[in-house]
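Hi,

Here is the structure I promised to pass on. Have a look at it first, and then read my notes below.

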Amino acid sequence: MNDALSTVLLAVFAGAIRVSTPFLFVSLGECLTEKSGRINLGLEGILVFGAMTGYAISYHSGSPWIGVLAAGVAGSLFGAFHGWVCKLPRVNDVAIGIAMMLFGTGLAFFFGKPYIQPTAPRLPALELGFWSDVPQVREALKINPLFFAGLAVAIVLWWAFRNTRWGLIVRMTGDSSATARAMGYSVDWVRFLATTVGGFLAGVGGAFLSLYYPGSWTEGLSSGQGLMAVALVIFARWNPLACFAAAVLFGGAGAIGPALQSVGISQGYHFFNAAPYILTLLIMILSISPKRSLRGAPAELSLMK
Amino acid sequence: MTETTQSSGLAAPSAIGEWIGGMRRSAEFIVIPLFALFVSASLFSLFLLALGKSPQTFFELLWRGGFGTEFSWQNTLVRTAPLILTALCVAIPARLGLVIIGGEGALVLSGFTAAVVALPLLSWAPPFVVMPVMLLTAAITGALWIGAVGALRHYRGINETIASLLMFYIAVSILNFFVEGVLRDPSDPNKPSTAPIGPANMVGEIPGLHVHWGLAFGVVIAIVLGIVMSRTTFGFAARVTGGNVRAARAQGLPVGTLMVSATMIAGACAGVAGYFEVAAILGKANGSLIAGYGFTGILVSFLARHNPIAIAPVAVLFGGLAAAGGLIQRRMGLPDATVQVLQGLIFVVLLVSETLYGRFRLFDPEARG
Amino acid sequence: MSDILISRRRLLKTAAAGAALGVAPGLGAIGPAAAAGLTMGIIYVGPRDDFGWNQAHAVAAKALKAVPGITVVEEENVPETIAVQKTMESMIKLDGAKLIFATSFGYFDPHMIEMAKKFPDVEFRHAIGLWQADKHPKNAGSYYAYLHQAHYVDGIAAGLSTKTNKLGFIAAKPISSVLTNINAFALGVRKVNPNATIQLIFTGDWALPVREAEAANALADAGCDVLTCHVDSPKVVIETAEKRGIKCCGHNASQASLAPKGFITGAEYKWETIYKNFADLLAKGQKLPNFERGGYDKDYVQNTAFGAGATDAAKAAATAAIADLKANKPYVTGPIKDNKGKEVVAAGKTIDNYDNFLETTNYLVEGIVGSLT
C-alpha cells in the first residue's frame with residue numbers, strides 16, 4: 001500500500017511538471033493580455049496553431065528550437081491581429097477571441113494534415129535526476145527547459161508588474177484607460193503589444209505539446225487546454241506567480257486519474273479523470289469570498305463589468 | 001459589452017420622417033452584414049485560388065448544399081434547431097454581462113436526465129405523460145445546472161465563465177459514469193447508452209418540413225425571450241444590470257435574483273435542446289449528446305449580438321454552412337477543416353464589421369439628404 | 001512553405017479521387033458526381049488521415065476506387081448525431097449514392113437503421129455494428145475483422161517478453177470491441193505466463209494524447225515493462241514506452257518504426273482484404289453480404305513483424321499461435337473467470353472464433369487489474 005501511495009504521489013509530482021507547461025505559457029500570455037484590459041479567448045486557437053507550426057517547422061528545419069520560435073512567431077501574428085482589430089470601436093474582444101479560436105484551429109487542421117504521420121525532431125529534456133538511483137525519480141526529474149523558461153517568465157512578469165515602468169503602464173491601461181490616456185500613453189498601442197506578446201507565449205505553449213509532451217501533432221492534441229488555461233487566469237486572480245501555481249496544480253490533478261488506475265484503484269475512474277476540473281471548482285468555492293473575488297481584476301476588462 | 005441593438009427597426013412610425021429614419025437604421029443592419037459576408041467570401045476565394053481550387057464551384061456547392069434544394073433546407077434547419085436553443089443559453093445571461101460558455105454541459109446533463117426519468121415510466125405511462133415529464137425534467141436540470149453558475153457568481157463571487165466551463169467537464173464525467181456503468185443498456189455493446197425511450201415517446205417532425213419540433217420550440221422560445229428582454233421590466237432591469245452593476249444596485253434592483261433567474265432561463269433553454277437531442281434523434285442518452293452544439297451556440301449568440309430575435313437567422317447561417325460542408329468535402333476533395341476555416345473567417349469579418357455601424361451618413365436618420 | 005503546399009496537394013489528390021468530377025470547371029460541376037455506374041459514399045467519424053482508425057479505412061477503401069465505373073465520395077469528421085443521417089441522405093439525394101459505408105461504432109443505431117428504413121433501395125454497410133437478420137433492415141449490414149485474434153498473439157509474445165510480469169494496457173472506453181481485445185491480450189499473456197498481471201487504464205475517450213502519455217508514464221512508474229493500447233492513434237503510447245525504455249505492442253496499424261528498441265509485435269487490421277473482396281463482388285455486379293466477419297482465417301487481421309523487443313521464445317510461441325488461428329482453431333477455452341472471480345466460460349467449454357459471445361464482452365478476465373466503471 002505504501003508502495004502504491006508513493007507511486008501515485010510521484011506520478012502526480014511528475015505529471016505536474018510534464019503537463020503544466022502549456023497551461024503555464026497560455027495562462028501567462030493571457031494574464032499579460034488581460035492586465036492590459038483586453039481578453040483574448042482565442043488562445044486555444046493559437047495554442048493549436050502553434051503546436052502544428054512548431055511540429056511542421058521542426059520537421060522541415062530539423063531543429064525543434066526553431067520550431068518553438070516559429071510557433072511563437074505564428075502565435076504573435078494571431079495575437080497582433082486580435083490586438084489590432086479590437087481597437088476598432090464596437091469590436092468585441094471576447095467575441096473576436098471565440099471566432100479566432102475557430103479560425104486558428106481550422107487553419108491548423110487544414111495545414112497540419114501532412115504532419116500527422118511524420119516524426120519530427122523533439123525537444124530534449126534536462127536530466128536532473130542523476131543523483132538518484134530510483135528509475136522513477138530519475139524519470140520524474142527529466143524536465144524540459146521550457147518548464148523553467150515558463151517559471152522564469154512568471155517571475156519576471158510578477159516582478160515587472162510591480163517594479164517596472166512598463167509594468168505600471170500595462171496595469172494602468174488595464175485599470176483605467178482614461179488615466180493612461182491622460183498620462184500620454186497610447187492605450188491601443190499598449191494593448192496591441194500585450195496581446196501580441198500573449199500570443200507569442202500561447203504559441204510556445206502549443207509547441208511544447210507537439211514537440212515535447214505528449215510530443216506529436218494530431219488534431220486531438222489539445223482537448224481544450226488553451227481555453228482552460230485562459231480560465232485559470234481568473235482562478236489565479238491575474239497574478240503571474242499564482243498562474244504558475246494554478247498550472248502546476250492543474251497538471252498534477254490531471255495525473256491523478258491515470259496514476260490511481262496504474263496501482264489498481266479504478267472504481268469511478270471517470271471522476272478521477274475529471275479531477276482537475278472538480279478540484280479547481282472546489283477550491284474556488286472554498287477559497288473565494290464574494291468580497292475579495294475580484295481583487296486584482298483589471299477594471300477595464302469587459303468580462304468584469 | 002457594447003449595446004447597440006435595441007433600436008433596430010423598433011422606431012415608432014408616428015411620422016413619415018421617423019419611419020424613414022427607422023428604415024435607414026434597419027437597412028444598416030442588413031447592408032453591413034451582407035458586405036461583411038461579401039468580404040469574407042472574397043478573402044476565402046483567394047485562399048481557394050492559392051490552393052488551386054475553384055471558388056465558383058465552392059460557392060455553387062455551398063449554396064446547393066445549404067439552401068439550394070428542399071433537402072438542403074431540411075439539412076440546414078435540422079442543424080439549426082439545437083443551435084437556437086444553445087445560443088439563447090449564452091444570450092440571456094449576456095444581457096446581464098455574464099459570459100456563460102458551459103451551455104454544452106447543461107445540454108448533455110439534461111439529455112441524460114430526460115432519458116433516465118423516462119425509464120421507470122416506460123412500462124405503464126402513455127406518451128402524453130412521458131413526453132412532458134421528460135421535457136420538464138430536462139428544462140429543470142438545465143435551469144439548476146446553469147442557475148448554479150449564476151448563484152455561485154452572485155453569492156460566492158466565482159467567475160461564471162470558468163465555473164460553467166469546469167462544470168461542462170464534470171457533466172461529461174457524470175454522463176459517462178452512469179451511461180458506461182449502472183444505467184448501461186446491455187443490448188448495445190459498442191455504444192454505451194441508457195435503455196431506449198421507445199418509438200412511442202419520440203418527438204415527430206413538423207408536418208411538411210421533415211424537421212423535428214425542436215426547431216419550432218427554439219423559434220418560439222427565442223421570440224418570447226426577445227419580447228421579454230426588450231419589453232418587460234425584467235428585460236429592462238437585466239439591461240441596466242448588464243450596463244453597470246453598481247448603478248443597478250444603487251437603483252435598488254435585485255441583482256442577485258436577476259442573475260440567478262437569467263441563468264436559470266438560459267440553462268432551461270440548453271436543457272430543452274438536450275431533450276430534443278434525446279427525444280427527437282437519439283432515442284436514448286449516450287456520448288453522442290456531446291456534439292459541440294453548446295460551443296457553437298456561443299458563436300451564434302455573439303454574432304447575433306445576444307439579441308434573441310437575431311439568433312434564429314444566424315443559427316440558420318451556421319446550419320447551412322455545416323450542411324453544405326459535407327457536399328463540399330465530397331465534391332472538391334477538400335478536408336473538413338476547410339469549412340471551419342471559412343466559418344472562422346466569416347465570423348472574424350462579421351465581428352470586425354461591427355465597427356462600421358454608425359459611420360455612414362446614408363443610414364443616419366438624423367442626417368438630411 | 002511551398003513544399004508544404006505541394007505535399008498537401010499530393011495528399012489531397014490521393015485522398016479523394018472522387019473529387020475529380022466535382023472540380024471540373026463549368027459544366028456538370030454540381031450535377032450528381034457519377035454519370036454511370038455505382039456511386040458509393042464512405043463516412044468517417046474523424047479526419048481520414050489521423051494515423052489511426054479512420055486512416056486505416058481510408059487507405060483500404062482505395063481498393064473500391066480502383067473498380068471501373070465506381071465513384072467513391074467521402075466525408076470525414078461526421079459526428080454520431082443527426083449529422084450522419086443527413087450526410088447519408090445528402091449522399092443519396094445529391095450524389096446519387098446507392099451504397100454507403102459507415103465506419104464508426106455510433107453510426108449504427110439509430111442513425112443507419114433509420115436511413116436504411118427510409119431508403120430501402122440503398123445498401124448500407126457498417127464496420128463493427130452487430131447486424132441481426134431478425135432485427136434490422138435487409139438493406140443494412142455489417143462487416144468486421146476480429147482484431148482480438150491478433151491481440152491474443154500480442155499477448156503471447158508479450159507474456160514471454162516481460163521480466164517484471166506486469167504489463168500495461170491503455171484503453172479508450174469500456175465497450176465490447178475494446179474489452180474483447182483487452183481480454184484476448186490477457187488470455188494470451190496468461191496462457192504462456194500465468195503469474196503475469198495486466199494493469200488496465202481507461203482514458204475515457206478515443207483521442208486524448210496528454211492523458212494517454214500520462215497513463216503510459218504511470219504504468220511505467222508502476223513497474224510495467226510492456227505496454228499496449230486500444231486508442232485511436234497509438235503513436236503517443238508507443239513513443240512514450242520507447243522513451244521510458246520499456247517494450248510495447250502496437251494496435252490498428254504498424255508502429256514498428258516508432259519503437260526500434262522495444263517493439264514486440266502489434267495487432268493490425270487488414271481492412272484492405274475486406275474492401276478488396278467487396279470491390280471484387282461489386283465489379284461482378286453482385287450484392288455485398290449482410291454480415292461479414294473474419295480473423296486470421298480470412299486474412300482480415302495480422303501481426304506486425306517482430307521487433308527487437310520480442311524474445312526468441314516469444315517469437316516461436318506467437319508464430320505457433322498464428323498458425324493455429326489461421327486454421328481457425330478456437331483460442332478461448334474454459335475455464336475462464338472474470339477478474340471478480342465469476343466464471344464466464346465453464347471448464348471444458350470452447351468458444352468458437354465466430355461465436356457472437358466474443359462480440360458482446362462486458363467483463364474483464366482474471367489477471368486484469370482494473371474495472372469497467
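B:Ile100 sits in the loop that links α3 (70–95) and α4 (103–118) of chain B. Helices here are DSSP runs of H or I with at least four residues, strands are runs of E with at least two, and both are numbered from the N terminus. Before going on: this is a predicted model, where local features need pLDDT of at least 70 and side-chain atom pairs count only at pLDDT 80 or more, while totals for chains, interfaces and linings use all residues. Residues are numbered from 1 along each chain as its sequence is written, and chains are lettered from A and ligands numbered from 1 in the order in which they are written.

Is B:Ile100 buried or exposed? B:Ile100 is buried, as 31 other C-beta atoms lie within 10 Å. (Buried means 20 or more other C-beta atoms within 10 Å of the residue's own, exposed means 12 or fewer, and partly exposed is in between; C-beta atoms are placed from the backbone.) Leaving out residues up to four places away in sequence, B:Ile100 touches B:Cys89, B:Val90, B:Pro93, B:Ile146, B:Val149, B:Glu160, B:Ser164, B:Thr263 and B:Ala266. Contact here means that the C-beta atoms of two residues, placed from the backbone, lie within 7 Å.

B:His210 has a positive phi, near 55°, though it is not a glycine. You'll find B:His210 in the loop between β1 (205–206) and β2 (211–212) of chain B, and it is partly exposed, with 15 other C-beta atoms within 10 Å. B:His306 is another non-glycine residue with positive phi, near 60°. B:His306 belongs to the loop between α11 and α12 (308–332) of chain B and counts as buried, with 23 C-beta neighbours inside 10 Å.

Now chain A. Its secondary structure comes to 13 helices and two strands. Of the 305 residues, 60% count as buried. Taking contacts between residues at least 6 apart in sequence, 78% join residues at least 24 apart.

An unreviewed UniProt entry places "transmembrane region" features on chain A, including residues 6–29 and 94–112. Bear in mind that UniProt positions are given in the numbering used here, feature names are shortened, and annotations may be inferred rather than shown by experiment. In the model, residues 6–29 of chain A are 100% helix and 0% strand, with the end C-alpha atoms 34 Å apart. Residues 94–112 of chain A are also 100% helix and 0% strand, and there the end C-alpha atoms are 26 Å apart.

There is a cis peptide bond in chain A too, joining A:Tyr213 and A:Pro214, with omega about 0°. A:Pro214 is in the loop between α9 (187–211) and α10 (225–235) of chain A. In chain C, a cis peptide bond joins C:Gly334 and C:Pro335, again with omega about 0°. C:Pro335 is in the loop between β13 (332–333) and β14 (336–337) of chain C.

How do the chains meet? Between chains A and B, 42 residues of chain A are in contact with 40 residues of chain B. On the chain B side, α5 (127–156), α6 (160–179), α11 (293–303) and α13 (337–353) give two or more residues each. That side has 25 nonpolar, 13 polar and two charged residues. (Ala, Val, Leu, Ile, Met, Phe, Trp, Tyr, Cys and Pro count as nonpolar, Asp, Glu, Lys and Arg as charged, and the others, Gly among them, as polar.)

The contact between chains A and C takes 37 residues from chain A and 35 residues from chain C. Here α1 (2–35), α5 (135–140), α11 (240–262) and α12 (269–273) of chain A each supply at least two residues. The chain A side divides into 16 nonpolar, 18 polar and three charged residues.

Cheers
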